[in-house]
Amino acid sequence: MDLFDVIRSCARRWYVLIPLLLVVGWFSYDVYSSVKPVYYSSAVIGLAPPSVRVEDTPPGVPLARNGLLDVGGAALIANMTAVGLQEPSVVARVVAAGGLPTYAAKMFPVPATMGQLPLVMVEVTDPDPAAVTRTLDLVIPQAEVTLRNLQQNANVPNDQMVAPFVVSPPGPPAAATPSRTRSTVAIFVAGAGLVIVVTVIVDVLLVRLGKRERRRSSVPTEVVAEPPPVADPRDDREP
C-alpha cells in the first residue's frame, strides 16, 4: 500500500476520518488552553571585597589576606556562593520560612567573550506570584550566611571577608506562558497519524467484507433435480 492507496482509503471512509480528526483537534486545543501561566522574577547579588587594606606592616607581623581572593578572585567566591545557596541545608531553611524549594542560583550569565563577573543570580518561577517574591526575599539573606560560612571554613580573617550586596533587587513577578505550541503540535500530529491508520484499517476490513459478500451473491444456487417418475409396468399391459 502506497501513499495514493492511503489517500483513496481516507477519501472513501471520510465519515470515519473527519469525526476522529475533530476529536483529536478538540483534545489538542484542550491541552493548549489548559496550560496555566507562571510568574518569574530574579535578583542579582554582588560581592564586595574589603575596602580597607593595610599593606605596610612591621617586620615579622603577618599580613592578613583573603586566600580565596588570591587563589581564584571574586569570581571563585561567587561560584562557591551559588553552589552553597542550593545546598540542602540552605534550601531547608528557605522552605521552613515559607519559601519555595525550586529556586535556582547560578553565576550571572555573560557572553563567552567576556570574563566571568562576580555576580550571583537567583531565579524563581512558580504559578503563585506571591510565593515567587517571598522566596527571593528569603534567599537573599541566606547569601550572606552562606558566604560567611564558606570564608570561615577557609580560615579567612573577619576583616578580610567578602560581603554580599544586592545589585538588582527582586522586581514584580512577570507572567509568562510555558512553551505549549510544540507539545500541542506533537499531540495533534501523533493523533492525526493514528486516525489515518485506523481509517485505513477500517477501509481494508470493509473492502474485504464487501468482496466476500459479492462473491457469495455471485455463486449460483444449485437446484437439485428430482428423478423422473418410473412408469409402472402394469400400465403398459393391454386390457
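Student: Is Asn-155 buried or exposed?

Tutor: The model is predicted, so local features need pLDDT of at least 70 and side-chain atom pairs pLDDT 80 or more, while totals for chains, interfaces and linings use all residues. Residues are numbered from 1 along each chain as its sequence is written, and side-chain values use heavy atoms, without hydrogens or water. Buried means under 20% relative accessible area, exposed over 50%, and partly exposed in between (1.4 Å probe, protein chains only). Asn-155 has a relative accessible area of 68% and is therefore exposed.

Student: Where is Asn-155 found, and what is its phi?

Tutor: Most residues other than glycine have a negative phi. Asn-155 has a positive phi, near 60 degrees, and is found in the loop between α5 (129–153) and β4 (163–168).

Student: Which residues make the nonpolar surface patch?

Tutor: Patches are made of residues with over 30% relative accessible area and no salt bridge; nonpolar side chains are joined within 5 Å, like charges within 9 Å. A salt bridge is a side-chain nitrogen of Lys or Arg within 4 Å of a carboxyl oxygen of Asp or Glu. Here Trp-14, Tyr-15, Ile-18, Leu-22, Leu-206 and Leu-209 make a patch of about 620 Å². Two or more residues each come from α2 (14–34) and α6, and α2 gives the largest share, 4 residues. Tyr-15, in helix α2, counts as partly exposed because its relative accessibility is 39%.

Technical notes:
Accessible areas come from the Shrake-Rupley method with a 1.4 Å probe; for residues, only the protein chains shown count as cover.
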